[in-house]
Structure formats: structure tokens, C-alpha cells
Amino acid sequence: MGKVAVGGDNPIRIQSMTTSNTRDVVATVEQIMRLADYGCEIARVTVQGMKEADACEGIKNTLVQRGYDIPLVADIHFYPPAAMRVVDFVDKVRVNPGNFVDKRATFKTLTYDTASYQAELDRIEEKFSPLVEKCKKLKRSMRIGTNHGSLSDRIMNYYGDTPRGMVESAFEFLRVCIKMNYHDVIFSMKASNPIVMIEAYRLLVTEMMKEGWDYPLHLGVTEAGEGEDGRIKSAVGIGTLLLDGIGETIRVSLTEDPWEEIEPCKELISWASSYKERDPAPFQPVRAPKIAPPLHRDGSVLLYITQEQLKEPNFLDQIGCSALQKRKDAPDALIIEEWPGELPVMESIRRHNIGLITRTPGVAGTIWLQERKTFTPTSQSYALDVQPGEEIKGLDPQFVIFHGSTHQGRTFFAQGIDCPVILASEAPLIKASAEMGALLTDKCGDGLALPLSKRLFGFALLQASRMRTSRTEFISCPGCGRTLFNLQDVARRIREKTSHLPGVKIAIMGCIVNGPGEMADADFGYVGSKPGKIDLYVGKERVEADIDHAEADERLIELIKKHGRWIEPNVELVTI
């Protein structure tokens with residue numbers, strides 16, 4: 001697209017999207033130039049109507065005049081005429097197959113027979129083929145970008161709200177392109193749930209291989225959120241697929257300024273490129289390890305602790321506890337290299353049923369952690385530290401702590417591992433999320449062993465991998481020219497007020513493009529409906545409309561209380 005080649009032997013490209021009003025040519029150009037300066041290689045702008053389409057001519061011309069040849073992509077939802085206009089000015093058009101021809105999903109149950117479904121496909125070809133013909137004539141590329149949150153009623157009734165439905169939604173449009181001999185196409189299969197996203201991309205590749213198709217793919221976890229949580233979710237989804245050899249362009253979608261997305265992309269690409277070869281067929285173990293205390297059945301967090309840390313006055317607070325209470329993000333066990341003796345804090349640790357693991361043998365009430373290479377048979381409960389290449393056949397540890405990369409981990413699990421496996425890492429956030437997340441999402445791992453400083457990261461990674469829930473789950477879009485309120489401020493404010501609700505999922509959407517659909521993966525939704533107005537959702541159902549922006553936060557909290565999901569701050573502490 002433009003002067004940037006995608007796919008084949010070309011490097012993985014970095015994308016982002018502006019948050020300015022596209023009609024504001026000056027502001028949009030400034031954002032794109034800043035993105036390019038940060039290392040973004042492809043920039044997308046929202047085009048919801050003719051005024052935005054026409055503005056893209058000025059945006060493109062100004063960029064060229066300023067010496068920026070970064071490809072410009074127009075993002076289209078609901079309105080094909082805007083696509084027909086803007087394709088004259090941009091390098092690529094992104095169409096959402098869930099709403100380019102179809103109206104916004106109503107989630108009603110509909111029945112299709114073969115004839116009625118074919119009639120729908122004929123309607124897609126009629127509405128979509130003019131854009132394909134024009135893209136072909138002008139040598140413009142196109143992304144067919146499926147979003148889990150905006151599948152059509154037709155797809156959801158015929159295939160379900162599933163990865164299969166996401167793939168078929170894209171294929172409905174691809175078949176029109178192929179029929180017209182147009183192949184400058186790239187796909188995306190985005191979802192806010194990393195597991196759904198991974199499954200959809202893998203299924204897409206499998207189905208393309210069956211057909212003999214080889215189109216490039218753009219990767220991203222949509223509505224990932226902000227801060228560490230957003231980066232962790234994105235690294236889990238994107239990183240897992242990059243190691244599969246899947247993905248030619250990537251975007252880390254954050255509820256932050258667009259240029260903040262670039263560095264995480266660079267880190268992911270650098271990490272993936274460090275592998276000399278990619279594994280096209282990731283190992284999928286069928287495991288049912290016996291999980292016993294101190295491990296947690298939904299995923300464990302073990303923390304490495306020094307003797308000095310144990311003696312610190314605020315140690316209990318550092319691990320999420322007080323003398324009599326512990327939070328849901330307190331660790332399941334502590335790993336102490338050399339046993340320090342019975343310190344005063346040990347009584348509280350045991351009272352909280354937090355396990356104690358040490359390399360010192362023979363300590364009552366502890367698990368003896370041994371190195372595999374120097375293993376000594378024992379009647380004491382023991383765990384094993386295992387390095388890549390080491391086997392554990394014939395041994396019966398309570399659990400294993402594995403130190404190694406994703407590929408090394410997949411090789412380790414190929415032995416047929418029956419005991420729980422805890423993954424250890426001291427890597428930076430993006431690399432650790434990708435390395436361990438790629439294993440956890442494939443059921444290769446039952447928990448994490450981390451330094452004390454990464455306690456909260458451990459719980460966030462387990463939650464991003466859809467294992468253990470210990471905090472409120474936030475689904476928030478990155479914002480674009482459609483956004484109807486200050487998304488960053490609102491997301492931050494709602495997070496501050498509701499982050500203490502473990503197991504509750506809250507979606508914060510700047511507009512209605514993905515709003516109602518993404519409510520399907522959330523318990524409560526906060527969606528901009530018009531300037532100064534907010535709609536509230538419970539699941540996919542809109543329950544309150546046109547709330548004044550100033551009142552919306554408290555109305556959301558009232559809604560959560562009404563459905564019995566609210567707890568007062570600090571009540572999530574578990575009393576011992």
C-alpha cells in the first residue's frame with residue numbers, strides 16, 4: 001500500500017489510528033506526522049461520512065507537502081458511499097464486513113434457508129462490488145476487518161457469535177473480491193477477548209490454507225484498554241500469533257494517545273524476530289493436572305521472596321495482605337531461597353494459607369524446591385526447578401517451575417506432562433506477557449513464578465489469558481474521530497471508581513460502532529450515543545439511553561448495584 005510493502009519477506013509493519021476529528025485536517029495531519037516520527041508505518045483515520053472523506057484529500061496532500069509518505073487508510077462503517085469517495089485520496093480502505101452492507105446488529109433470532117441466505121450474499125455482492133472495482137482500477141488495497149463485536153445478525157444466526165462466524169463474515173466479502181480478480185486484500189479478526197482473537201486468526205489461516213489462499217493478516221486485540229492491562233492483553237494475543245508465524249502488520253490498541261501504541265509494537269516485533277524460526281503448528285496438549293494446595297485451580301501466582309523482604313515492616317501489604325485479611329490478588333505461595341527460620345511474619349503467612357517453598361530441605365510445613373539436575377529422592381513434598389532440555393519422566397513432584405522460552409516450553413510439554421507446571425520469568429512486561437501468555441492460552445501452564453515486584457502483573461496476565469479473575473475487567477476502545485467524549489479521562493475515572501469489583505466486566509466505548517456488540521463480552525456497558533449523552537447496557541441490552549454525561553458515572557454505579565454486583569471498596573478482602 002503506497003510505498004510500504006506488506007507480506008512476503010517484508011518486515012512486520014506497525015499501524016496505529018488517529019483520535020482527532022478527521023474533518024480537522026490540521027489536527028489529523030499533526031497526529032499522523034507524530035505517529036510517523038515515533039515509528040508508525042501505516043496510519044488509519046475514521047471516515048464516517050462525505051465530509052470526512054473529502055477531508056482525506058487535504059490530509060493526504062498536506063502530508064506529502066510536509067515530506068511524509070506514510071500510507072493513509074480510511075476506516076469505513078455503515079456507509080459505502082463514503083468508501084467510494086475516499087478511495088480517490090487514500091492508499092487503503094478498511095471495510096467492516098459486519099456493517100458495510102448490513103445495519104447494526106439487533107441480536108434477534110432469524111431463520112435462513114439456503115435460498116434466503118444466498119439472497120443475502122447477492123445483496124452483499126451488489127453493494128460491495130463497486131468498491132472492489134474502483135480499488136482494482138486505482139490500485140488501492142483493502143482490509144476486510146472483522147470485529148467480534150460487530151458481526152451481522154445474519155452471521156450470528158447462521159454461524160453463531162464465534163470465531164467461525166468471524167471467519168465466514170470475512171469470506172463473504174473475499175469471495176466477491178476473488179470473483180472480480182482483485183487480490184490486494186489483507187484480513188483482520190479482532191476481538192477484545194485474546195482467546196477468541198487467537199482462535200479466529202488460527203481458524204482463518206487453516207481455512208485459507210485449505211483454499212490455497214495466502215493473504216496477509218493484520219493483528220490486534222481490539223478495545224484492549226489502557227496501561228499495563230492493555231499492553232498485557234495485546235501482547236498475549238499478538239505475541240501468540242507471531243510465534244505461530246501469523247501476522248504481517250500489528251497494532252496495539254490502547255485507550256491512550258496514539259503514539260503510545262508504537263513502542264509496545266516495536267517490542268513485540270523485536271521479541272518475535274529474536275526467534276530464528278517460527279512454529280507453524282503450536283503444540284496443543286490435552287492436560288488435566290491434579291491441582292492441590294497451595295496451588296489455585298484457576299491459575300497460581302508464586303512470588304520469589306528474599307530474607308530481607310520478609311523482614312520489611314510492610315511486607316504483608318506488599319503481598320496483598322494485612323495481619324488478618326488478604327486480597328484476591330495475594331499470592332498462593334512464596335518461594336524463599338534459603339530458609340530464614342521462624343520470623344514473626346510467618347504466623348500471618350500461614351494463617352492466610354499461603355504456601356511456603358524453599359530450597360532448604362527438611363523444614364516442616366514447606367515444599368522442598370529442588371533443581372532437576374541435582375534431584376535427591378525424598379519422602380518430603382517437593383517441587384522441581386526445570387530448565388529447557390530436562391525431563392521429569394519417572395518423577396512425581398507436586399509441581400514443576402519451568403524456566404524457558406515459549407518454543408522451549410512447547411517442547412517440554414511434548415513429553416506429556418501430568419503435574420502442574422508453573423512458568424517462571426523475569427523478563428520485561430511485553431516480552432513476559434508474550435512468552436508466558438502464548439503458553440497459557442494453549443493450556444501449557446498452570447501458573448506463574450515471579451519476583452515480588454511483579455505480583456499484580458501475574459494476576460493481570462492470568463486474567464488476560466482467561467484463567468483466573470481477580471480484578472475488574474475493563475474493555476475500552478482506543479478512540480477515533482467518532483468518539484463522543486474524552487475517552488481517556490472517562491476510562492480513567494470509571495476505572496478508579498470500579499476497579500475493586502473482581503469478576504465484573506465493564507465496557508467503555510466512545511461510539512456505537514462496536515459498542516452494542518462488545519457488550520456481549522461485558523456485564524455492563526458505557527457507550528457514547530450522541531454528543532454529551534451516554535447509553536448504559538447490561539450485556540447486549542440497552543437499559544438506559546441519553547443520560548447526561550455529567551450523571552453517567554453514578555448511573556453506571558447504580559446499575560451495577562441494582563444487579564447485585566457492587567461491593568464497597570476493601571470488602572473484596574478475604575477475612576481469615
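Residues are numbered from 1 along each chain as its sequence is written. In this predicted model, local features need pLDDT of at least 70 and side-chain atom pairs count only at pLDDT 80 or more, while totals for chains, interfaces and linings use all residues; side-chain values use heavy atoms, with hydrogens and water left out.

Q: Is strand E20 largely enclosed or exposed, and how many of its residues are buried?
A: Strands (E, at least two residues) and helices (H or I, at least four) are DSSP runs numbered from the N terminus. Buried means under 20% relative accessible area, exposed over 50%, and partly exposed in between, with a 1.4 Å probe and protein chains only. Strand E20 covers residues 524-530. It is largely enclosed by the rest of the structure, because the buried residues number 5 of the 7.

Q: Which residue of E20 is the bridge partner of Met509?
A: Two strands pair if DSSP finds at least two bridges between them. Strand E19 (residues 505-509) runs parallel to E20, and 4 bridges join them. Within E20, the partner of Met509 is Val527.

Q: Which residue in the turn between E20 and E21 has a positive phi?
A: Strand E21 (residues 533-538) is antiparallel to E20 and joined to it by 6 bridges. Gly528 stands opposite Ile534 in E21. The two strands form a hairpin with 2 residues between them, and the turn residue with a positive phi, about 80°, is Gly532.

Q: Are helices H7 and H8 roughly parallel or roughly antiparallel?
A: Axes are lines fitted to C-alpha atoms, for helices over the stretch in contact, and angles run from 0 to 180 degrees between N-to-C directions. Helix H7 (residues 194-211) packs on helix H8 (residues 227-243) at an angle of about 20°, with the axes 9 Å apart. Angles under 35 degrees count as roughly parallel, over 145 as roughly antiparallel, 65 to 115 as roughly perpendicular and the rest as oblique. H7 and H8 are therefore roughly parallel.

Q: Which strands form the closed barrel?
A: The barrel has 8 strands with parallel pairing. From one strand to the next, the twist averages 25°. Within it, 4 bridges join E15 (residues 400-403) to E16 (residues 421-424). The order of the barrel strands is E9-E11-E12-E13-E14-E15-E16-E17.

Q: Which residues of helix H13 are buried?
A: Helix H13 covers residues 406-413, and its direction makes about 140° with that of E15. H13 is largely enclosed by the rest of the structure, because 6 of its 8 residues are buried. These are Thr406, His407, Gly409, Arg410, Phe412 and Phe413.

Q: What is the relative accessible area of Thr46?
A: Thr46 belongs to strand E2 (residues 42-46). Contact means heavy atoms within 4.5 Å. Leaving aside neighbours within four places in sequence, the residues in contact with Thr46 include Met17, Glu52 and Cys480. Thr46 is buried, with a relative accessible area of 1%.

Q: Where is Lys139 found, and what is its relative accessibility?
A: Most residues other than glycine have a negative phi. Lys139 has a positive phi of about 60° although it is not a glycine. It is found in the loop between helix H4 (114-138) and strand E5 (141-147). Lys139 counts as exposed, with a relative accessibility of 70%.
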